[in-house]
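Reader: I would like to learn how to read the packing in a structure. Please show it to me and go through the terms as they come up.

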Amino acid sequence: IRQWIEFNENRGKWSKTSKSKTEIWDGFFRNHIPESLRVCPVTQLTAQMFYDALAEKWRTMVDTPERILSDARQAIDWAIRSEMIPPMINPCVVKDGKLGDLLPLDRPAGGHEPALPPKKMPAFFKALMELVPVSQTARCLAFAILTAARNSTAREATWDEIQQDDDGNWLHVIPRERMKVKSEKIPFDRKTPLSQQAMALLNSTPRVPDVAFIFPNVNKGQRSPFTRDAVRALIKRMHDKQRKIDGIGWVDPDQKDRTGKPRIVTLHGCARATFNTWAKDAKGYDHKQFSRDLRESCLDHRNESYQCAYDREQALGDMREVFEAWGNFCTSICK
């Protein structure tokens with residue numbers, strides 16, 4: 001694995017991100033891969049060994065097992081091509097492989113990310129803000145919602161990305177290499193205007209000396225961001241608590257899991273799908289009419305090549321108006 005990572009980093013295969021592939025795999029080795037698997041000679045690895053290590057995680061976690069097996073499969077294939085090891089059946093192949101025959105078919109539901117109906121967002125946000133004083137994960141989730149951010153954009157945010165423009169307005173300036181749509185398509189960094197509510201959240205956020213992340217993972221030595229699973233676990237706890245109150249919890253009523261039950265909402269669903277549903281319904285939520293292009297700009301949806309070629313800057317003034325209205329809506333019943 002480490003030789004494969006070094007080979008590809010030297011070739012410049014991966015764009016620079018806040019976490020290197022080596023750091024990601026340090027976490028995989030530490031948290032998900034048992035010592036018996038780590039120290040086993042590659043030629044002695046079997047599909048059964050990977051099943052024993054990852055079957056339960058495959059059943060309960062959305063993307064971590066796929067990432068582990070995908071990287072491991074590619075690393076072993078590379079080692080065979082490089083003649084570091086003799087030709088062998090790759091034990092990490094899932095599709096049309098023995099491991100795929102072993103792994104359980106019962107998986108966490110995929111598809112579109114479950115989102116809250118916008119009318120429920122103020123109550124959800126109020127419950128979330130009650131956790132903020134004691135939970136950095138809750139603070140991170142609140143920031144993601146207020147800025148309509150993608151998952152990694154919020155979790156990996158750093159203090160040096162919080163900047164002021166010439167007029168004194170605050171922005172979250174995200175390097176393009178950290179965004180889903182990369183710099184080869186859009187030649188400028190992503191800028192998200194920060195609402196009063198987002199700035200109040202940041203101003204109340206404790207800063208850890210010599211730590212770049214705004215929301216460091218205090219359970220992992222504060223040198224890394226929270227994982228996706230940490231955010232999911234927080235939302236699951238919020239859901240369980242709310243379900244005891246109303247019998248429903250925080251779910252997307254239009255999405256069902258394999259058992260027919262409504263799916264629990266996610267960061268991505270709440271921060272982006274709920275935001276977009278709210279933003280396009282001016283009369284329903286009593287706000288100014290926001291054009292489709294403006295909503296798409298707030299979500300950083302710019303995939304058409306002609307648009308990226310000619311549209312070189314964001315409509316930050318109009319975007320600020322959207323995010324201020326969104327912040328007011330989210331916090332409308334907060335004290």
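Author: A residue counts as buried under 20% relative accessible area, as exposed over 50% and as partly exposed in between (1.4 Å probe, protein chains only). This is a predicted model, in which local features need pLDDT of at least 70 and side-chain atom pairs count only at pLDDT 80 or more, while totals for chains, interfaces and linings use all residues. Residues are numbered from 1 along each chain as its sequence is written, and side-chain values use heavy atoms, with hydrogens and water left out.

Reader: In which class does phenylalanine 7 fall?

Author: Phenylalanine 7 counts as partly exposed, because its relative accessibility is 33%. Tryptophan 78, at 10%, counts as buried.

Reader: How is a pair of aromatic rings described?

Author: By the distance of the centres and the angle of the planes. Rings of Phe, Tyr and Trp (its six-membered ring) pair if their centres lie within 6.5 Å; planes under 30 degrees apart count as stacked, over 60 as edge-to-face and the rest as tilted. A search of the whole structure finds 13 aromatic pairs. In one of them, phenylalanine 7 and tryptophan 78 have ring centres 5.3 Å apart and planes at 35°, so the pair is tilted. Phenylalanine 7 lies in helix α1 (residues 2-11) and tryptophan 78 in helix α5 (residues 64-81), so the pair ties together parts 71 residues apart in sequence. Helices here are DSSP runs (H or I, at least four residues), numbered from the N terminus.

Reader: How are the rings of tryptophan 278 and tryptophan 326 placed?

Author: Their centres are 5.1 Å apart and their planes at 50°, so this pair is tilted. Tryptophan 278 is in helix α12 (residues 267-280) and tryptophan 326 in helix α16 (residues 316-330), 48 residues apart. Tryptophan 278 is buried, with a relative accessible area of 1%, and tryptophan 326 is buried at 0%. Ring pairs link both into a cluster with Phe275, Tyr285, Phe290, Phe323 and Phe329.

Reader: Which residues of helix α7 are buried?

Author: In α7 (residues 121-131), these are Met121, Pro122, Phe124, Phe125 and Leu128. Seen down the helix axis, the buried residues fall within an arc of 160° (taken from the directions from the axis to the C-beta atoms), so they line one face of α7. They pack against α8, α11, α12 and α16, where contact means heavy atoms within 4.5 Å.

Notes
Helix = DSSP H or I, 4+ residues; strand = E, 2+ residues; numbered from the N terminus.
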